[in-house]
Amino acid sequence: MNAWYVTKKDLRLLARDRRTVFVLVALPLAFISILGLSTGQLFSEKSKSTRVKLGVIDQDQTELSGKLLTEVYRLRALETKEFDDRVEAKRLLDNGKIDVLVVVGPHYHERVEGLDVGDLFYSDLGRLQGHPQNLDIEVEAGSFLANAAEVVQELVFAFAVRTIAPDVLKSSDPKLALKLLVQAKKAARERSEEEGDAAGPTLDSTGASRANIVYQTLVPSYTVMFVFFIVNLMARSFITERDMQTLMRLRIADISRSGLLLGKTVPFLCVSVVQTLLLFIAGKALFGMSWGKHPELLIPVIIATSLAATALGLLVATIVRSESQVTAYGNFLVLIMAGISGCLMPRNWQPELMQQVGLITPHAWSLIAYEQLLNRETPDLAVVGRSVGVLLAFAAGFFAIGSWRYRRAD
Amino acid sequence: MSILEVSHLTKAYSGKAVVDDLTFSIEPGEIFGLLGPNGAGKSTTMMMIAGQRRPDGGSILLNGHPVDDLTAGHRLDLGLVPQEVAIYPDLTGRENLEFFGQIYGMRGARLRDRVDHVLADIGLTEHAHQAVSTFSGGMKRRLNFGAGLLHEPRLVILDEPTVGVDPQSRSHLLESVQRQADQGRAVIYASHYMEEAESICDRVAIIDAGRLLKIGVPTELLENSHSNVWIEVLATADRIAPGLKGVADVQSVNDHEAQVVVRRERRDHPAEFSRRVSAVLEQLAAADAEVLSIETRDHNLEQLFLDLTGRNLRD
């Protein structure tokens with residue numbers, strides 16, 4: 001029971017210490033803001049870098065060529081740019097500014113008009129012979145991503161066949177074309193009714209937009225990193241109590257050793273949980289981050305992470321002997337763990353070996369759980385559960401060793 | 001029955017004895033001085049009495065119970081006022097006392113009454129709602145003292161409670177200590193200020209290098225010692241010192257005067273001491289050193305310590 005009064009006293013002291021609010025909330029928010037602004041481009045560039053840069057020239061300028069290029073533009077794997085000047089497009093292709101150049105020639109619509117239904121069904125054998133050139137489409141590869149041209153050629157050919165099929169059929173057999181159109185529209189209507197309102201935008205069902213996707217990574221990463229700064233505050237609190245001899249007063253009072261440890265640990269656990277909640281609320285309010293489809297599942301991850309951090313704080317408090325050691329060793333430990341776990345650089349950017357090494361830190365398990373809950377459309381709850389379990393095991397281990405060391409030092 | 005019985009207590013660090021076969025007991029209402037220089041073993045002894053260090057040998061009984069096996073109830077018999085100001089600077093004076101009362105199980109009206117009483121006792125009622133960080137050094141010391149008394153322990157351990165305290169606070173603290181004894185509490189008063197110990201302690205134990213040198217009532221201890229003879233002369237210390245070597249101590253007063261101290265050891269026979277004083281005076285006459293004054297000075301605990309160890313307390 002008396003442990004509660006130790007907790008209450010420490011909460012009061014923490015509330016009166018402005019450094020606590022600064023280190024635990026203001027500092028991570030500043031980090032997230034600065035890094036969000038400065039690395040947001042980097043994060044976007046990473047996703048851009050995986051897309052093929054495609055230059056397009058439409059020399060046909062008909063409805064048919066428009067339909068084809070609309071299909072091309074719709075494909076997200078391609079970063080498409082339209083040119084009027086073939087010389088300029090060729091120069092950029094040679095410089096590697098674009099990877100592939102597609103030129104829809106001026107005879108595209110004429111070639112399409114010359115086709116019949118058989119050419120569509122047997123595209124490898126008929127007038128098309130499987131080559132877009134037979135539709136007056138040229139696909140040219142640059143030297144930096146030559147293999148991409150083959151893929152693009154196949155795609156453009158497939159898009160062309162798909163977009164010209166209704167027109168070719170209409171000119172060959174108008175009745176059949178009309179019948180098939182009616183059947184297709186009916187099928188689409190029925191499918192729409194079955195799905196009802198459930199069919200919403202599917203761009204990203206976790207709610208994250210392209211603009212705030214960077215904060216889906218930064219907020220949890222820096223939150224986890226700064227949650228572990230509680231280690232320094234806790235160790236400093238123990239050292240201060242020992243140096244002021246108030247710890248001795250507490251030890252001879254009517255309070256058990258474990259009660260004292262509990263009383264000293266719980267306030268920092270509370271502060272740590274509140275810190276995470278504040279940072280997540282700020283992440284949503286200021287940066288538009290999403291809490292994922294199951295925000296309620298964030299609670300066990302937050303608590304387990306804070307438990308691991310405060311238990312580590314207790315352990316460090318039994319190792320360091322002075323405030324300067326807290327500053328030196330505490331900061332070293334927190335920053336190194338943050339570095340190898342993936343707090344400073346997203347885990348999926350790290351090499352496989354580093355990702356495995358990172359698993360020795362509680363930070364990494366926390367990040368794995370947050371990644372599932374914040375960024376996945378359907379989080380793997382088994383992964384989240386395992387991460388929470390490992391975090392609790394870290395907490396139990398740190399607390400057991402810390403308690404043992406505390407009693408031994410006694 | 002003694003409130004505290006310490007018997008053949010020993011403690012060593014890295015093979016070096018810091019407390020060596022210490023035995024004493026303290027009665028209720030008694031102020032017991034534990035005197036010695038820094039490093040004499042006072043703090044280690046008190047830490048062992050408070051159950052914060054495990055003795056290597058011997059026993060400590062608090063109210064008849066071994067201190068390393070105290071129940072929660074028996075812990076209430078013990079109050080500690082550490083040498084450091086062991087209070088929280090960011091809490092107010094009242095909040096500090098309330099907290100220390102709470103961890104001793106005090107609640108509600110009793111807690112409020114005791115906090116009010118202690119604040120009045122240590123003279124901090126008007127400052128009760130100020131943060132301790134705004135207190136003067138003396139006020140902090142008084143609050144430190146009050147925090148150890150809040151739960152009305154039967155034995156109070158005071159470790160150098162007046163270090164760095166202004167005369168007003170020192171006087172206030174000493175009066176408070178005396179009041180505790182008057183209320184029947186036993187007090188262990190560790191200090192290297194002998195004049196404080198002489199003024200308030202009922203008994204003192206003089207320890208050095210962990211060993212008990214002397215124990216008893218201050219006046220009785222001093223009765224058995226004798227006064228030294230102090231001779232002030234008009235001569236430089238350098239001129240007269242060689243002739244007095246082994247007979248008396250010579251200290252320089254200024255460029256023209258010196259002070260000669262003929263010490264009276266416990267083993268000295270009165271006739272032998274008289275012969276030594278005569279020899280010193282003859283030597284001074286032979287050196288043509290004019291005697292300005294001769295006086296005897298009473299022995300105090302500080303001089304007693306010097307007699308016992310050959311060292312000053314503050315060495």
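The points below describe selected features of a predicted model.

1. Conventions. Residues are numbered from 1 along each chain as its sequence is written, and chains are lettered from A and ligands numbered from 1 in the order in which they are written. In this predicted model, local features need pLDDT of at least 70 and side-chain atom pairs count only at pLDDT 80 or more, while totals for chains, interfaces and linings use all residues.

2. Sheet in chain A. An open sheet of four strands runs in the order E2-E1-E3-E4, with mixed pairing; strands pair if DSSP finds at least two bridges between them. Helices (H or I, at least four residues) and strands (E, at least two) are DSSP runs, numbered from the N terminus. E2 (78–83) and E4 (137–141) of chain A are the edge strands, each pairing on one side only. From one strand to the next the twist averages 20°. E3 (residues 100–104) of chain A and E4(A) are antiparallel over five bridges, and A:Val102 stands opposite A:Val139 in E4(A).

3. Helices on the sheet. H3 (residues 63–74) of chain A lies across E1 (52–58), E2 and E3 of chain A, at about 170° to E1(A). H4 (residues 86–94) of chain A lies across E1, E2, E3 and E4 of chain A, at about 165° to E1(A). Axes are lines fitted to C-alpha atoms, for helices over the stretch in contact, and angles run from 0 to 180 degrees between N-to-C directions.

4. Helix pair in chain A. The axes of H12 (residues 257–287) and H13 (residues 298–319) of chain A come within 9 Å and cross at roughly 135°. H12(A) and H13(A) are therefore oblique to each other (under 35 degrees is roughly parallel, over 145 roughly antiparallel, 65 to 115 roughly perpendicular, the rest oblique). Residues in this contact include A:Phe268 of H12(A) and A:Ile303 of H13(A); contact means C-beta atoms, placed from the backbone, within 7 Å.

5. Interface. The contact between the chains takes 18 residues from chain A and 21 residues from chain B. On the chain A side, H1 (2–16) and H11 (246–252) each give two or more residues, and H1(A) has the largest share, seven residues.

6. Helix H3 of chain B. Nine of the 10 residues of H3 (residues 93–102) of chain B are buried, so this helix is largely enclosed by the rest of the structure. A residue is buried if 20 or more other C-beta atoms, placed from the backbone, lie within 10 Å of its own. The buried residues of H3(B) pack against H1 and H11 of chain A, together with H4 (108–121) and H5 (137–149) of chain B.

Technical notes. Two residues are in contact if their C-beta atoms, placed from the backbone, lie within 7 Å. A residue is buried if 20 or more other C-beta atoms lie within 10 Å of its own, exposed if 12 or fewer, and partly exposed in between; C-beta atoms are placed from the backbone.
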